[in-house]
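Hello,

Here is the structure I promised to pass on to you. Have a look at it first, and then read my notes below.

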Amino acid sequence: MDLSVIVMQLFTGLSLGMLYVLLALGLSIIFGLLTVVNFAHGAMYMWGAFIGVFTVTWTGSFWLALIMAPLGVGMYGLIVERWLIRPLYGRDINYPLLLTFGLQLIMIEVTRIFFGTSDHPFNAPDILSMPLEVMGIFYFPAYRVFLIIFTGVICAVLWYFLERTNLGLVIRAGTRDPLMVRALGIDMNRIWWLVFGIGSALAGLAGILAAPIRSVYPEMGVAMLVECFVVTVIGGMGSLPGAIVAGILLGLVSSLTTLIYPQMADIVIFLVMAVVLLVRPSGLFGKAGLLE
Amino acid sequence: MPKHQKGKGKGVSRRSFFKTTGVAAGAAALGGFHFTRTAQASKPLKLGCPLPLTGPYGTEALDQKAGAQLAVDQINAKGGVLGRKVELVVRDTKLKADEASRRAKELIESVGVELMTGCLSASNQLAVNEQCKLAGIPYMSISQANEITERGDASVYTWHEALNPHQTTQAVGGWVGKNFGKRWYFLTSDYAFGWQLTDGLRRAGKAYGIMDVGETKHPLGTSDFSSYFPRIMAAKPDVLFLDNFGKDQLNSVKQATSFGMKKKMQLICPVLLASARLGAGTKAYEGVKGGTSFYWQQDIPTAQAFTKAFWDKNGRPPIDYAGYAYGGVLELLGGVNRAGKLAALPLAKALEGRKYDNYKGPQWWRPCDHQSQQDVFILESKPPKKKYDVFKIIDTVSGANEALMRTCVEVGAVKGKPMRVGLKK
């Protein structure tokens with residue numbers, strides 16, 4: 001096999017992986033800090049794409065859409081946490097899971113009713129839709145390069161926020177010992193509220209960023225949610241570095257499988273998940289006992 | 001839920017957590033709920049119509065539904081079938097053959113349909129056809145499949161209004177062979193429809209001395225095609241055939257464009273869909289060419305009348321798959337009316353050898369296998385001057401004199417003899 005093909009394949013794998021990372025980040029943050037498995041994540045991702053489509057239709061600006069999508073979905077997330085999730089704290093972990101699962105069905109059906117079931121066109125902004133020439137025979141879309149860099153920046157910002165700011169410190173402390181944090185006079189409800197909002201905003205951001213690559217339609221989040229869970233399970237439920245490493249790993253594995261045996265490309269990520277769960281039941285970076 | 005707050009509740013074991021998550025994820029993967037009309041009692045003649053309303057072909061299936069409904073409404077406005085009103089009963093197959101089979105059985109046994117149409121995707125059609133043959137109910141198939149008119153699946157009850165992959169590829173392959181380079185690469189949807197398109201194109205290309213420089217198969221419902229592209233680009237083809245359908249076509253064209261593939265090769269969609277073109281936008285499909293059975297801008301009275309009626313009702317023009325459903329249902333219901341009673345043999349005699357033009361130009365029912373003969377149009381994507389005007393018809397490949405069809409012998413039938421296989425006494 002030609003070396004240039006393999007290099008090119010790694011490139012596509014990386015861009016695919018970055019999309020996985022972006023999709024899994026919000027899910028992972030919400031689970032890691034709130035122990036809520038957000039099944040509405042896929043539908044929030046879909047709403048992010050739809051907000052993007054309509055912002056671009058009305059204003060013509062992709063960059064404005066890039067702000068509006070996470071903002072809109074983030075605010076929706078705040079409402080969901082305040083009025084739907086919060087009353088369920090203190091109950092079994094399955095309650096919020098079932099609630100968000102139902103919420104997802106409602107969100108998809110509402111979208112179908114208002115916007116129909118067909119696809120909505122969405123293109124990358126002109127400046128990013130030029131294919132870049134690589135090694136003479138190949139092209140690589142500028143948009144995917146942007147996606148790789150942008151996702152990297154998002155990861156860095158999140159890391160900085162959680163590890164280097166006071167608010168981040170409170171959030172981390174809250175996951176270890178919320179009672180103690182409360183005793184220090186901090187309102188944990190507001191912290192969880194905020195975290196759920198951030199996680200939702202990340203879903204919206206993933207939606208708008210995926211829209212120029214994938215088709216935009218009401219069920220677009222359903223298949224994505226499955227991939228997303230695979231990434232978080234492999235990385236370790238709730239682990240941020242886990243989501244990043246697992247996302248990139250899956251992108252590369254799936255891309256290289258395509259090169260060797262394309263029919264397996266869909267299944268291979270589940271094989272990886274099975275192997276990881278056998279060797280490390282709590283995932284690559286998972287903390288043991290988070291669910292016990 | 002924050003773990004510390006669990007307090008009184010019992011802890012959740014990892015196993016039970018994964019069990020619940022797994023069940024929920026499975027349910028999510030199966031798609032949302034769908035509400036379909038339930039049947040009412042007796043009087044009206046029920047026409048069953050299983051369609052993949054959810055899944056990667058959902059957009060096209062909705063157009064099929066609208067096309068079938070339009071035909072039913074027009075027939076009802078003229079007095080119905082044998083004096084009875086016709087009622088279309090739609091069911092969701094979710095694009096799964098076993099679901100299609102169950103829904104067809106339910107339509108026949110519980111709802112009591114007396115005629116059947118519908119389906120998109122060969123596996124679904126064959127499953128429904130099987131149920132119809134068992135129950136002795138005429139079935140009008142309205143999407144592309146080769147096997148359905150072959151020995152083994154074809155029967156006196158089975159009718160195929162749509163083109164099949166063979167007709168499509170003989171027309172498109174021949175046209176591409178004449179007009180473009182000789183190095184062909186195939187990106188094939190990995191199931192019967194995709195395989196048949198690729199096989200057919202290879203066969204059509206032989207006459208033009210084409211070189212098969214590679215094939216990549218992708219699973220049905222792939223959302224990211226980027227990892228398929230390096231190998232294709234490295235093979236340096238002149239022409240890349242996208243032998244897929246629905247959202248797969250939309251995504252593969254959109255992503256191939258972003259990867260600059262069009263600078264190096266011509267993209268051809270053997271079944272070029274207006275629905276996918278509208279969903280992907282002008283830029284993604286710019287310069288893409290392909291084949292179709294119908295385009296709403298066809299300048300003939302029947303096509304214009306169909307387009308106007310469909311547009312008035314649905315607020316948009318019909319796509320080719322709406323045409324199949326419309327034309328097929330008109331034939332089926334009209335055939336029963338001419339036959340004078342609802343039975344397979346009189347219906348067969350009313351349709352076989354019939355020349356007709358419902359919406360797209362001349363068609364003909366070949367008696368030996370119940371396949372409809374028709375023309376194939378070659379389209380090129382263009383920037384719309386008005387909404388929905390997304391293609392230009394650049395050529396017409398005539399289907400006259402069985403030019404695009406397999407011979408009766410090739411499909412396992414007898415030339416000149418009408419199809420009578422499976423007739424129930």
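Which domains does the domain assignment of chain B give? There are two entries: domain 1 (45–163 + 298–374) and domain 2 (166–292), with bounds from an automatic or database domain assignment.

Before going on, please note that this is a predicted model, where local features need pLDDT of at least 70, side-chain atom pairs count only at pLDDT 80 or more, and totals for chains, interfaces and linings use all residues. Residues are numbered from 1 along each chain as its sequence is written, while chains are lettered from A and ligands numbered from 1 in the order in which they are written.

The centres of domain 1 and domain 2 of chain B, taken over C-alpha atoms, are 28 Å apart. Their contact (C-beta atoms, placed from the backbone, within 7 Å) takes 13 residues from domain 1 and 19 residues from domain 2.

Now for the two chains. Chain B brings 52 residues to the contact between them, and chain A brings 63 residues. On the side of chain B, the largest share, eight residues, comes from α1(B); helices here are DSSP runs (H or I, at least four residues), numbered from the N terminus.

Finally, the inside. The largest nonpolar core has 127 residues, and B:Leu47, B:Phe241 and B:Tyr326 are among those that touch the most other members. Such a core is a set of buried Ala, Val, Leu, Ile, Met, Phe, Trp, Tyr and Cys residues joined through C-beta atoms within 7 Å, where buried means 20 or more other C-beta atoms within 10 Å of a residue's own. Helix α12 (residues 320–339) of chain B gives the most to this core, with ten residues.

Enjoy exploring!

Technical notes: Buried ≥ 20, exposed ≤ 12 C-beta atoms within 10 Å, placed from the backbone. Helix = DSSP H or I, 4+ residues; strand = E, 2+ residues; numbered from the N terminus. Contact = placed C-beta atoms within 7 Å.
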